[in-house]
Amino acid sequence: MPYANLSTGHRIHYHDTNQSEPDRGNGRPPIIMIHGLGSSQNFYMPVIPYLSDYRCVALDSYGAARSKSQGEPLTIEQLAEDVVALLDHLRIERAVVVGHSMGGTMVHLIAAAHPERVVGVVSIGPVNPSSVKPDVFQMRIDTVLQDGMESLANNVPTSATADASTPLQRALIRELILGQDPESYASHCKAIIDMKEPSGGFEAVKVPALILAGEEDKSAPLEGCRYIYDHLGTDDRELSVMGGVGHWHCIEAGEQVAKEIDFFCVELQKRKKL
């Protein structure tokens, strides 16, 4: 099981599809994948098999799943810098950076602060910092610190998915949530409460960008995705609305997400963005 001791001081668990052949990829960009709150690298496992022509690296963010923390205070900026440090560790110069939910916010921070490391960004149901409701996340903090993860694990898989999501999909989401440490989960909730737009706003994101929005996403509604889209500092951007999908896009519609990512990367190659 690969772990990376990063220059940031954090120890990160990750999955690398080209661990034994890091130079294979037929000229296609590596893709690094960042999950959202209460999740792990396994969020992307329904997507990765459809991207077999790419080197895909999916990580457990510090404080989530196998990347254990001490529950110490964290910021979204710190978690984003871990991703850049993982690129350094793996000797990946540039990558397409994909992120879900709070990870979707992180990809914009990375693109704004380190544009030389980013081929393009794909944000899946990104959280718009100005729409965060602190009382909702404070309630989650209070709940998990008092009662553990089970209450959220029993509620979120239904409340945050589309009506058409299956029992198997909801079971996977439940397992992801149950796999979180309550104190570390609480630290991620606090990081979301305190999150801000990139320095200089979303206008500081100058790289090609794709936003995937779930039509039935109540956690990162289309309105917030449109706000981010409208304020990005690149003309090379697209907003794609996924019909019949809630907030757990890769689990609810993994093949569709993979096709969107593949098309985005192929278009980058055609326009010689690589």
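Helix 3 and helix 6 are roughly antiparallel to each other, and this pair is the opening stop of a tour through a predicted model.

**Stop 1: helix 3 and helix 6**

Please select residues 134-147, which form helix 3, together with residues 182-193, which form helix 6. The two axes come within 9 Å and cross at roughly 170°. Because angles over 145 degrees count as roughly antiparallel, the pair receives that description.

Next, display the side chains where the two helices touch. Helix 3 contributes Pro134, Phe137, Gln138, Arg140, Ile141, Val144 and Leu145. From helix 6 come Pro182, Glu183, Tyr185, Ala186, Cys189, Lys190, Ile192 and Ile193. Colouring this contact by residue class gives 11 nonpolar, 1 polar and 3 charged residues.

**Stop 2: helix 4 and helix 5**

Select residues 150-159 for helix 4 and residues 167-178 for helix 5. Their axes come within 8 Å, and the crossing angle is roughly 150°. Helix 4 and helix 5 are therefore also described as roughly antiparallel to each other. The crossing of this pair is right-handed.

On the helix 4 side, the contact is made by Glu150, Leu152, Ala153, Asn154, Val156, Pro157 and Thr158. By class, the contact of helix 4 with helix 5 holds 7 nonpolar, 2 polar and 3 charged residues.

**Stop 3: helix 1 and helix 2**

How are helix 1 and helix 2 oriented to each other? Select residues 76-89 for helix 1 and residues 102-113 for helix 2. They pack at an angle of about 70°, with their axes 9 Å apart. Helix 1 and helix 2 are therefore roughly perpendicular to each other. Viewed as a crossing, helix 1 passes helix 2 in the right-handed sense.

Helix 1 takes part in the contact through Ile76, Glu77, Leu79, Ala80, Val83 and Val84.

**Stop 4: serine 101**

Move to serine 101, in the loop between strand 5 (95-100) and helix 2. Is serine 101 buried or exposed? Its relative accessible area is 8%, and serine 101 is buried. To see its surroundings, display Gly36, Ile124, Gly125, Pro126, Val127 and His247, which serine 101 touches when residues up to four places away in sequence are not counted.

**Stop 5: two residues with positive phi**

Most residues other than glycine have a negative phi. Two residues with a positive value can be visited here. Select alanine 65, in the loop between strand 4 (56-59) and helix 1. Phi of alanine 65 is near 50°. Alanine 65 is buried, with a relative accessible area of 10%.

Then select arginine 91, in the loop between helix 1 and strand 5. Arginine 91 is not a glycine, yet its phi is positive, at about 60°. At 78% relative accessibility, arginine 91 counts as exposed.

**Stop 6: valine 47**

Valine 47 lies in the loop between strand 3 (31-34) and strand 4. Its relative accessible area is 0%, and valine 47 is buried. Leaving aside residues up to four places away in sequence, valine 47 touches Met33, Cys250, Gly254, Val257, Ala258 and Ile261.

Valine 47 and threonine 158 are 21 Å apart in space, C-alpha to C-alpha, and 111 residues apart in sequence.

**Stop 7: cysteine 56 and cysteine 265**

How many disulfides does the model contain? The count comes to 0 disulfides. Select cysteine 56, which is in no disulfide. The nearest cysteine sulfur, that of cysteine 265, is 8.6 Å away. Because a disulfide requires a pair of cysteine sulfur atoms within 2.5 Å, the sulfur of cysteine 265 is too far from that of cysteine 56 for a bond.

Finally, inspect the accessibility of each cysteine. Cysteine 56 is buried, with a relative accessible area of 0%. Cysteine 265 is buried, and its relative accessible area is 0%.

Definitions and conventions:
Residues are numbered from 1 along each chain as its sequence is written. This is a predicted model: local features need pLDDT of at least 70, side-chain atom pairs count only at pLDDT 80 or more; totals for chains, interfaces and linings use all residues. Side-chain values use heavy atoms; hydrogens and water are left out. Axes are lines fitted to C-alpha atoms, for helices over the stretch in contact, and angles run from 0 to 180 degrees between N-to-C directions. Helices (H or I, at least four residues) and strands (E, at least two) are DSSP runs, numbered from the N terminus. Angles under 35 degrees count as roughly parallel, over 145 as roughly antiparallel, 65 to 115 as roughly perpendicular and the rest as oblique. Contact means heavy atoms within 4.5 Å. Ala, Val, Leu, Ile, Met, Phe, Trp, Tyr, Cys and Pro count as nonpolar, Asp, Glu, Lys and Arg as charged, and the others, Gly among them, as polar. A crossing is left-handed if the near helix is turned anticlockwise from the far one by less than a right angle, and right-handed if clockwise. Buried means under 20% relative accessible area, exposed over 50%, partly exposed in between (1.4 Å probe, protein chains only).
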